[in-house]
Amino acid sequence: MKKPLFPSMDKSGLYNYMTYFYHTTRHSLLAYRRFDEFQRIVRGRKLTSYFQPIFHLQNNDCLGFEVLNRPPISSHFPTTESFYDFIGYTDQVFAFERFCRELSLERFKKAAVDSSAKDAVIFLNVHPEVLSDSNYRSGETLQLLSRFGFSPEQIVFELTERQAVQDYDAFERILSHYRSQGFRIAIDDAGSGYNSLKAIVSLKPEFIKLDKSLIRDVYRQPNQRKVVKLLQEFAEASGTHIIAEGIESTDEISYLRSEGIEYGQGYALGRPETKLQSVPLSLASM
Ligand SMILES: [Ca+2]
């Protein structure tokens, strides 16, 4: 009797195929369920908008608020990061950003009622590619602002280096268009990698937000102190404002104040809240 060339082939081939089929089906099903959950969150406007204050470290004035939109925690999205990572893999990035822009402004307006904060600067996180989207360039954001009674001078777009810009010359031209309308730009997470430094030099932002990894225990970390000093000198020479992010202790506040760092944001000053907090938590007691 003729023996099969590879006796185990048939059996393991079928097994491998079934395993592959099982995993891809399960994966697709999971992706479908997550997409369904994502749509449910958007349609039901189930994101919560938080406002984290940014203060002048020298005189305690509130400069403005960064808006953070967070989804409800669920088994499909156990963290905010997992929710935003998922959107990045879908074709919904632009539509979702547009939705968030509107949600952020609407809720800020609501939160600012009966508050002196209605003229505060509003920091919005945006995907660099969204700014290149023709809908935005044709004035959709301006229409949105006038609907809620805000001016472009109140808006700062925060660009993170996590979504790196490819063509800086082209992007700089897009930013010029926004600047001519009064909008300003912040480079987020600055000092956390090479791209943020390139963005700072190429895009000439109005604000540089120093990454929390530079700020953590900065007063006792000589290398971090040097980088902060360097960025501070660069900012002063180029007319840019510095915002130290992720400030969590009074020692960090004291050090940054003594070094003349202009603005600060972090838990030690104010947590992200659904209400507007325009007095710093710990600066007032110092
Ligand atoms: Ca940010």
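1. Basis of the note. This is a predicted model, in which local features need pLDDT of at least 70 and side-chain atom pairs count only at pLDDT 80 or more, while totals for chains, interfaces and linings use all residues. Residues are numbered from 1 along each chain as its sequence is written, and side-chain values use heavy atoms, with hydrogens and water left out.

2. Overall composition. The protein has 10 helices and 8 strands; these are DSSP runs numbered from the N terminus, helices (H or I) having at least four residues and strands (E) at least two. Along the principal axes, the C-alpha atoms fill a box of roughly 95 × 50 × 40 Å. Of the 286 residues, 44% count as buried. Here buried means under 20% relative accessible area, exposed means over 50%, and partly exposed lies in between (1.4 Å probe, protein chains only).

3. Helix H1. Met18 is found in helix H1, which comprises residues 9–43. With a relative accessible area of 45%, Met18 is partly exposed. Together with Leu14, Tyr17, Tyr20 and Phe21, Met18 forms a nonpolar patch on the surface, with about 580 Å² of accessible area in total. Such patches are made of residues with over 30% relative accessible area and no salt bridge, nonpolar side chains (Val, Leu, Ile, Met, Phe, Trp, Tyr) being joined within 5 Å and like charges within 9 Å. The areas come from the Shrake-Rupley method with a 1.4 Å probe, and for residues only the protein chains shown count as cover. H1 also holds both Glu37 and Arg40, 3 residues apart, or about one turn of the helix. These two form a salt bridge, their closest N and O atoms being 3.1 Å apart. Glu37 is buried, at 10% relative accessible area, whereas Arg40 is partly exposed at 42%.

4. The calcium site. The protein donors of the calcium ion are Glu66 (OE), Asn125 (OD1), Glu158 (OE) and Asp188 (OD), at 2.2 to 2.5 Å from the ion. Donors are N, O and S atoms within 2.8 Å of the metal (3.2 Å for Na, K and Ca); water is not among the atoms, so sites may look incomplete. In sequence, the donor residues follow the spacing E-x58-N-x32-E-x29-D. Glu158 in strand E4 (residues 155–160) and Asp188 in strand E5 (residues 184–190) link distant parts of the chain, 30 residues apart. Both of these residues are buried.

5. Further salt bridges. The side chains of Arg179 and Glu172 meet at 3.7 Å, N to O, in a salt bridge; Glu172 is partly exposed, at 23% relative accessibility. Arg216 pairs with Glu252, the closest N and O atoms being 3.0 Å apart. Glu252 is buried, with a relative accessible area of 1%, while Arg216 is partly exposed at 26%. Salt bridges that share partners also join Glu66, Glu158, Lys209 and Glu245 into one network.

6. Helix H7. In H7 (residues 194–203), Ser196, Ala199, Ile200 and Leu203 are buried. They cover an arc of only 105° around the axis, which puts them on the same side of H7; the arc is that of the directions from the helix axis to the C-beta atoms. Tyr194 and Val201, on the other side of H7, are exposed.

7. H9 (residues 222–238) has 17 residues and reaches 24 Å from its first C-alpha to its last, close to the 24 Å expected at 1.5 Å a residue. That expected span is 1.5 Å times one less than the number of residues. Gln224, Val228, Leu231, Gln232 and Ala235 are buried in H9. Seen down the axis, the buried residues of H9 fall within an arc of 105°, so they line one face of the helix. Pro222, Asn223, Lys226, Leu230 and Ala237 are exposed on the other side. Arg220, in the loop between helix H8 (212–215) and H9, counts as exposed at 52% relative accessibility.

Note on methods
Salt bridge = Lys/Arg side-chain N within 4 Å of Asp/Glu carboxyl O.
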